[in-house]
Amino acid sequence: MSWGFLRDLLSGVNKYSTGIGRIWVAVVFIFRLLVYVAAAENIWKYEYDEFECNIRQPGCENVCFDHFFPVSHIRLWALQLIMVSTPSLVVVFHVAYRENREKHHNQKLYTSPGKIDGGLLCTYLISLILKTGFEIVFLVLFYKLYNGFQVPRLVKCDIRPCPNTVDCYISKPTEKMIFLCFLVATSCLCIVLNLGELSYLIFKYSIKCYLKRYIKKRQ
Amino acid sequence: MDWGALHTILGGVNKHSTSIGKIWLTVLFIFRIMILVVAAERVWGDEQDDFICNTLQPGCKNVCYDHFFPISHIRLWALQLIFVSTPALLVAMHVAYRRHEKKRQFRKGDQKCEYKDIEEIRRQRFHIEGSLWWTYTSSIFFRLVFEAVFMYAFYFMYDGFQMPRLMKCSAWPCPNTVDCFVSRPTEKTVFTIFMIAVSSICILLNVAELCYLLTKFFLRRSKKAGNPKHHPNHENKEETKQNEMNELISDSCQNTVIGFSS
């Protein structure tokens, strides 16, 4: 079980997406997942070993690291990727349900089980709202936990058993900040794509509904 | 998810590139991505552990390392490779979109649509002209821009392409000017020069492909202007060549889209 599993999952979702949805999948694969695996993971690999405090008091470094990094950036990033990708599965399940129904009744109930209309449209819209929601929640979490998206070089710590205010140095702060900015930028791009897709679908189907009613009235 | 996945995604586009494009992709995967994964990552693997400063002051090493290496060579190369690979997907998306439009026309029963069935649309060859030509050329242009930007960023950040053995650091909390020693500087310099050389070759290949496309485009235009009456044989040859290229593009896009969905 690794990121390849998520990749396979999302490839399945791609079949039932709109054009914008496919662009979203491409952005998630290439600019988020691949960057995470190929570059970002290694930056945070030894973050605990390389975190150094100007003190010899045993336990002080542990306590200070835990205070400043309750959840590591890289773990939050991984959680964000997983949470943001999974609402799309709801659409896959709905399509599978439709196909099962058709098999069970042994007749064609839908024009195409994968076509985004009726109940599947609602499911698709819900998945888009959930995706956007998760993106925003994680961005806010990052912002609140780490006081913005900055990674300082030096943090001052005075928690027991540190005897006084001690200087602690974070490793590779500039590189971490660059990749955090990259994470924020790609998250915002994905939010924009999701909102764009949402607007497009709502607009398209409102026009369809309106035209149907208009034609009915005229008849 | 790793570089192999990128290879799968781009492999589809490769079938439908020009010959120069295929050479470019081979150079990218063998001389850049493979070298990065198999060799360069090992050389830079212990970079902070073995970055040693001549001081016992805690924190001095961290601060000096961060000052001299704001972003590691390895990460910069990884980002460069990702950015340089992605414009090819623009072409794939464009062809998939065109094919989708044709399928929609066919399903609506449009009389303008000359295809007999969906399979024919799948096999149909789009002409590389108009918007598709622009997409293809733009993708090459973006590749060039990304390559150049990253090479410049590299040069700017590290004051050239050489890795010094010794760096003098006086950032706080280092008590005074402290000597810091980089691990494996010669090996790192060798790999840096290698990667820069291969980047330059890729830039040349992209420029050559761009010139080739432009030349072909202008030649075709001048032929059209020069031959207002089309000879059947000549037209067939032109069409066949264009059809081949378009088939490549459309098939690659089909494969890329399927690759995404499978």
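A crossing of two helices is left-handed if the near helix is turned anticlockwise from the far one by less than a right angle, and right-handed if clockwise. In chain B of this predicted model, α4(B) passes α8(B) in such a left-handed crossing. The contact, meaning heavy atoms within 4.5 Å, is made by H73(B), W77(B) and Q80(B) on the α4(B) side and by F191(B), T192(B), M195(B) and S199(B) on the α8(B) side.

Because the model is predicted, local features need pLDDT of at least 70 and side-chain atom pairs count only at pLDDT 80 or more, while totals for chains, interfaces and linings use all residues. Residues are numbered from 1 along each chain as its sequence is written, chains are lettered from A and ligands numbered from 1 in the order in which they are written, and side-chain values use heavy atoms, with hydrogens and water left out.

**The helix pair**

- The axes of α4 (residues 73-85) and α8 (residues 185-226) of chain B come within 12 Å and cross at roughly 15°, where axes are lines fitted to C-alpha atoms, for helices over the stretch in contact, and angles run from 0 to 180 degrees between N-to-C directions.
- α4(B) and α8(B) are therefore roughly parallel to each other, a description used for angles under 35 degrees.

**The chain as a whole**

- Chain B has nine helices and three strands, counted as DSSP runs (H or I of at least four residues for helices, E of at least two for strands) and numbered from the N terminus.
- Along the sequence, these elements of chain B follow the pattern α-α-β-α-α-α-α-α-β-β-α-α.
- Of the 262 residues in chain B, 47% are buried, that is, under 20% relative accessible area with a 1.4 Å probe and protein chains only.
- Among contacts in chain B between residues at least 6 apart in sequence, 78% join residues at least 24 apart.

**Spans annotated in UniProt**

- The unreviewed UniProt entry places "transmembrane region" at residues 23-40, 77-97, 132-158 and 191-214 of chain B, although such annotations may be inferred rather than shown by experiment.
- Residues 23-40 of chain B are 100% helix and 0% strand, with end C-alpha atoms 22 Å apart, and residues 132-158 of chain B are likewise 100% helix and 0% strand, with end C-alpha atoms 39 Å apart.
- "Domain: Connexin N-terminal" is listed by UniProt (unreviewed entry) at residues 42-75 of chain B, a span that is 41% helix and 6% strand.

Conventions. Angles under 35 degrees count as roughly parallel, over 145 as roughly antiparallel, 65 to 115 as roughly perpendicular and the rest as oblique. Buried means under 20% relative accessible area, exposed over 50%, partly exposed in between (1.4 Å probe, protein chains only).
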